[in-house]
Amino acid sequence: MTALLQVQGLGKRFGGFVALADVSFDVAEGERLGLIGPNGSGKSTLVNCLCGTLRNESGEVRFAGQKLAGLNAHQRIRRGLARSFQLPRPFGTMTLAENLRVPILYAVQPRGGARVPDIARRCTDLLGMVGLADKADRKPADLTQIEMRKLELARAMASEPRLLIADEAMAGLSHQEVDEILALLLRLNAEGVTIIMIEHIMRAVLAFSQRLVVLVAGRKIADGDPQAVVREQAVVEAYLGS
Amino acid sequence: MRTAGFVVLLLVVAAAVFGAARLVDNPYAFFAGYVVLQYIVLATAWNILGGYTGYVNFGTAAFFALGAYSTVALHKLTALPLPAMMLAGGIVSGAVGLGTGYFTLRLRGTYFSIATLAMAVVVQTLITNWSFVGGSRGAYVVRPAEVMGLDYVQYLFLLMLLLAVAAVTIARTIERSRLGTGFAAIRDDEVAAEANGVPTLRLKLVATALSGGLMGMAGAPLPYYVTYLDPASGFSLSYAVNTIAMPLIGGTASWIGPVIGAVLLGTLQQVATVTISSALSLLIVGLLLVGFVVAAPRGIIGWFGK
Amino acid sequence: MDLLQLDLLGNALVSGLLLGAFYAAVTIGVSISFGMLDIVNIAHPAFIILGSYTAYIANTTLGVDPILASIVLLPAFYLLGVAIYTVYDLAFERRGDASIRGLAFFFGLLFITEVTLVLVFGVDYRLVEAVYVGPSISLGPIDLPLRLLVPALVSLALIGALQVFMRHSFTGRAIQAVAQDPLALRLMAANPTRIKRIAFGLSIATASVAGAVLIVIQPVEPSIARDYIGRVFAICVMGGLGSFGGTVAAAMTLGIVESLTATFSGPSWSPAVAFGFLLLTLALRPTGLFGRS
Ligand SMILES: Nc1ncnc2c1ncn2[C@@H]1O[C@H](COP(=O)(O)OP(=O)(O)OP(=O)(O)O)[C@@H](O)[C@H]1O
Ligand SMILES: [Mg+2]
């Protein structure tokens, strides 16, 4: 069986600065992958390249066997490749429920899913999953940073993705909230969604991931069993050395 | 309210307006009313792009004048009825909107705005140098005395009234549709919109074409209204200022905002032009625009509602 | 090409270069406000026309040299800029909502300035008098009208002075940091709002001198501000947003192209040249032709 996501030799520069260099890895259907790396190592840039928010200069990404080159972000999410933004980017003039309507109308419906009468209920359900049900009619400006992270996650889930990339969805959350989001992501995964989790909270990453990929300065330095990877010399140095 | 009910209501309002204007039985009522209605169309059209997607168009005058000049050209070539000419004007301006958008909408929003300013001057220069439509000397258009027993100025008024009904209906329908949600997502955060499945470039092109097309339709009857059209008046900057001021003063969030702004500012200018001077009335528009954007960011409709 | 044509070409090139230097002065304020501060001040050309009229008043009522007068008036224009930035900052930047309403704000200012000038001075063209308005120097077949030469030199001097200020003063370096490197700005311990206010003040101050050289070069009436919007933004974008060298290079290029167009296909086409340039730049290379990419 071929992997759901295949990344081959991905490279990205900002002017003269090399943000990603020759990054390759696969993600199998149904897998839970942890992606870690020090600040500025290129994790979010990788997400942006995978999801079409940024264009990579070199390398190739395949999703479900198809090349993604040339596809815009909206075409990629319609194929089932969704992400949450590390710095939340809510739609400011819309209520939380309306925020979730956007991916439902524009990513799910074009695939033939989500009939109109069900949309409102679906929004409420999704907000309930992240603990925001009582704020469905509020605007994002009324939310705390942490609640905005949850909204980000709910919006990414609303697109009914095959692969969900959560970019630091748990930063700043309390111990208990981390556990709630962990449980949510595990449940989603049990329903068949492949998940890449980017996280600095080691406890969460290790509890969640079946496999760990480590980026340092735009290069992949480790890839494998989580417990083994965190003991690798290079990984320890990258974290302690910096 | 369902769209059908809304349209019926608008048509009732329109019939009342037309009836009232006939009761006044003063040709000036139709002349002045025509201008106010024209501004309802222009402000509503501007708001479809500016208010809903957040892209500021400074080139209203160009879209409007293109509609007017396509009538001048058609008038010389054929004897089409005015509604057909309005359609033609709308197509010309819509196509120009599409073209401008295609080249500049991939860039940041401010570049689009600057490009629309540029586009207005380019189009004006082309028209000024095109002798077939009168060039810089301008063109005379003979206004028929009447059509189907209706005084021609009243006929112009009626057409503009119907166009206003159509424009407002389109705006309100968009607001409540999937398209409106996509527009709002673009306005709030274009990167997030694209990442959530909104085909941003396509939607922005739809908005520019629709907005430009409506402006062109509003301009198409102008030659018959003024009977003499030259580039300086057709491309007057006051169209651009008014169509930006009206939605911003009324409120850009909903279809009613541009209508309120157009009725208030349009009427004010009609009165001020007669009683004071046209330059002074334009100064008032400019001051109101600056005052509102600084002090009342959500416009008049922001004073009501939550 | 016969001799007459060559003559025409030579003269067109020279006057294009001189015109270009003047265009650079007209644009330099926008290179600061739009290029460095990311404030889309489309009203800038209107302030330039205001500068033309203040120079005109000084010239006709007091008999002062218009360019000298504009230099004396620099502080007044600087304060005008500071006042506008203060309002802009409070109303838009602080609220994090500068886009639509910020653009409309400047569009409103453009319009108010223009209509006010119409109300006060009417729509007649105004001229200034100065010793250098009439005569010209001849270099063989090439004519160098002083009416163009003096403004070109004044313009280059203005840009040179600004360049020295930006490179060598603390405030100047802080202004550049606002544009490129917010971290460096924090390390310099400078207050960004204050730096931006000063920078915007400077950008409007340049309008005084640019306006004076404008009215030396051509008669002025209020609505010609609009012809300059396209030129100014075309040059600013082509010059690579905020690069002074790029601005001068782009301005000279546009000056030459316009002057050639006017010589060989008639002046009624020249307004479209700048805007055509702008549309092409935006379509093909929005990072500019001359600046950093
Ligand atoms: N648009 C951009 N322009 C220039 N440089 C950028 C841009 N986006 C990211 N970078 C740089 O690329 C590098 C990688 O950034 P990225 O955001 O991908 O890191 P990250 O691994 O997600 O870090 P963090 O853990 O802090 O989220 C950083 O040095 C950053 O400054
Ligand atoms: Mg990151």
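# Around the ligands of a predicted model

By class, the 13 residues that surround ligand 1 divide into three nonpolar, eight polar and two charged ones. Keep in mind that this is a predicted model.

Reader: Which helix gives the most residues to the shell around ligand 1?

Author: Happy to start there! Residues 43-51 of chain A form one helix, and with three residues it gives the most to the shell. The helix you asked for is α1.

Reader: How far is a polar side-chain atom of Glu168(A) from an oxygen atom of ligand 1?

Author: Let's take the polar side-chain atoms in turn. Ser44(A) has one that lies 2.8 Å from an oxygen atom of ligand 1, and Gln86(A) also has one at 2.8 Å from an oxygen atom of the ligand. Polar contacts are counted within 3.5 Å. For Glu168(A), the value is 3.3 Å.

Reader: What share of the area that ligand 1 exposes alone does the protein bury?

Author: Good question to ask after those contacts. Taken alone, ligand 1 exposes 630 Å². The part of that area buried by the protein is 61%.

Reader: Which protein residues are donors of the magnesium ion?

Author: The magnesium ion is ligand 2, and its protein donors lie 1.9 to 2.0 Å from it. One donor atom is an OG and the other an OE1. They belong, in that order, to Ser44(A) and Gln86(A).

Reader: How many residues apart in sequence are the parts that this pair ties together?

Author: Ser44(A) lies in helix α1 of chain A. Gln86(A) is in the loop between β6 (81-84) and α3 (96-108) of chain A. The pair therefore ties together parts whose separation in sequence is 42 residues.

Reader: Is Ser159(A) buried or exposed?

Author: Buried means under 20% relative accessible area. Ser44(A) has 21%, so it counts as partly exposed, and Gln86(A), with 28%, is partly exposed too. Ser159(A) has a relative accessibility of 0%, so it counts as buried.

Reader: Where is Ser159(A) placed in chain A?

Author: Leaving aside residues up to four places away in sequence, Ser159(A) touches several residues, among them Ile77(A), Pro103(A) and Arg111(A). Its own place in chain A is the loop between α5 (145-158) and β7 (163-167).

Reader: Which chains have the most contacts between them?

Author: Chain A and chain C can be set aside, as they do not touch and their nearest C-alpha atoms are 8 Å apart. Two pairs of chains do touch. Of these, the pair with the most contacts is chains B and C.

How values were computed. Residues numbered from 1 in each chain as written. Chains lettered and ligands numbered in written order. Predicted model: local features only at pLDDT ≥ 70, side-chain atom pairs only at ≥ 80, totals over all residues. Heavy atoms only, no water. Near = heavy atom within 4 Å. Polar contact = N/O pair within 3.5 Å; in protein donor to acceptor, adjacent residues only side chain to side chain. Areas by Shrake-Rupley, 256 points an atom, 1.4 Å probe, with all protein chains shown as cover. Helix = DSSP H or I, 4+ residues; strand = E, 2+ residues; numbered from the N terminus. Nonpolar A, V, L, I, M, F, W, Y, C, P; charged D, E, K, R; others polar. Donors = N, O, S within 2.8 Å, 3.2 Å for Na, K, Ca; no water. Buried < 20%, exposed > 50% of the residue type's maximum accessible area, 1.4 Å probe, protein only. Contact = heavy atoms within 4.5 Å.
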